[in-house]
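Hi,

Here is the structure I promised to pass on.

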Amino acid sequence: MSDDVRLKAANAAVTLDPGNGCRLSSLKIDDTELLRQGDHYGAFPMVPWCGRIELGRFRNGGDVHQMPVNHPPHAIHGTGRDTAWRTARADERSAAFTYDLADPWPYPGRVTQLAELTENSLTLTMGVETYDDSFPAQAGWHPWFLRNLGTGKDVEIGFQAAWQEERGDDHLPTGRRITPRPGPWDDCFGMPDGVDVTLTWPGALELKITSRAEWVVVYDEQTEAVCVEPQSGPPNGLNTHPRLVTPIDPLEISTTWTWRSLA
């Protein structure tokens, strides 16, 4: 029996799969699917880190930890997407999910994801808590949006960033911030006033992605889909920009996707 959780508000419908990394497996507006299906599908939470960790290793004080190298030579996108989450509650328009951090992550804690749907928006919120030792963590989302909705032209990606994290040959930020460059991208951008990216499928739909987070990764190098990934820190940030989760200071991040018809 499927443990999928389905939310519906007017002509918007969302399906979440807590058994498969609490991934959004579907987002439909007026019966039009916005998320890629098949391989590399939907939208998954990246937690307790986002993007790549250099060689899979990070330091917390004097301790060095090795994460599984699942994208050689680095570790990528956290462990939450490979974990079964528990549905804490669900109704027609909202649902909450949790999972407990466990091996290979070296620190105990809890992750929560909340999804809230309205007629014209979806808000996702994620929290990372510890009840014991402090540890560095990140959280964010990796959605695969369809490049073409089957109704006309390919999607256009619009945003203004304060900087671009220069990317080395190893796909990690070099530590230099540069003037944003034109795409195609597999790059992290800084938006100190909050993430604000607009996806426009001409003649079909506009989707605005906002977040109080300051970083977003934009990836548009595949033919089928594009990714706009709000996240709490840059790639390799456990090493270069650590944000400690403590018993009195959990990590929380949210993103809102707001849409309107252009048809």
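Let me start with Asp17, which counts as buried because its relative accessibility is 16%, and the cut-off for buried is under 20%. Keep in mind throughout that this is a predicted model. Asp17 sits in strand E2, which covers residues 12-17. What does Asp17 touch, once its neighbours within four places in sequence are set aside? Its contacts are Asp3, Asp4, Cys22, Arg23 and Tyr41. If you want a sense of distance, Phe135 is 118 residues from Asp17 in sequence, and their C-alpha atoms are 28 Å apart in space.

Most residues other than glycine have a negative phi, and most peptide bonds are trans. Here are the exceptions I would look at.

Ala10 is not a glycine, yet its phi is positive, at about 55 degrees. You will find Ala10 in the loop between strand E1 (5-9) and E2. Is Ala10 buried, exposed or partly exposed? With a relative accessible area of 45%, Ala10 is partly exposed.

Asn236 also has a positive phi, near 65 degrees, and is likewise a residue other than glycine. Its place is the loop between strand E23 (225-231) and helix H1 (237-240). Asn236 is buried, since its relative accessible area is 6%.

Then there are the cis peptide bonds. One joins Asp103 and Pro104, with omega at about 15 degrees. Pro104 belongs to the loop between strand E11 (94-100) and strand E12 (110-117). Another cis bond runs from Gly183 to Pro184, where omega is near 5 degrees. Pro184 is in the loop between strand E18 (173-178) and strand E19 (186-190).

Finally, the sheet. Eight strands make up an open sheet, and the order to trace on screen is E10-E11-E12-E13-E25-E21-E20-E16, with antiparallel pairing. Which strands are at the edges? They are strand E10 (86-90) and strand E16 (156-159), each of which pairs on one side only. From one strand to the next, the twist averages 15 degrees.

Cheers

Definitions and conventions:
Residues numbered from 1 in each chain as written. Predicted model: local features only at pLDDT ≥ 70, side-chain atom pairs only at ≥ 80, totals over all residues. Heavy atoms only, no water. Helix = DSSP H or I, 4+ residues; strand = E, 2+ residues; numbered from the N terminus. Buried < 20%, exposed > 50% of the residue type's maximum accessible area, 1.4 Å probe, protein only. Contact = heavy atoms within 4.5 Å. Pairing = 2+ DSSP bridges. Axes fitted to C-alpha atoms, helices over the stretch in contact; angles between N-to-C directions.
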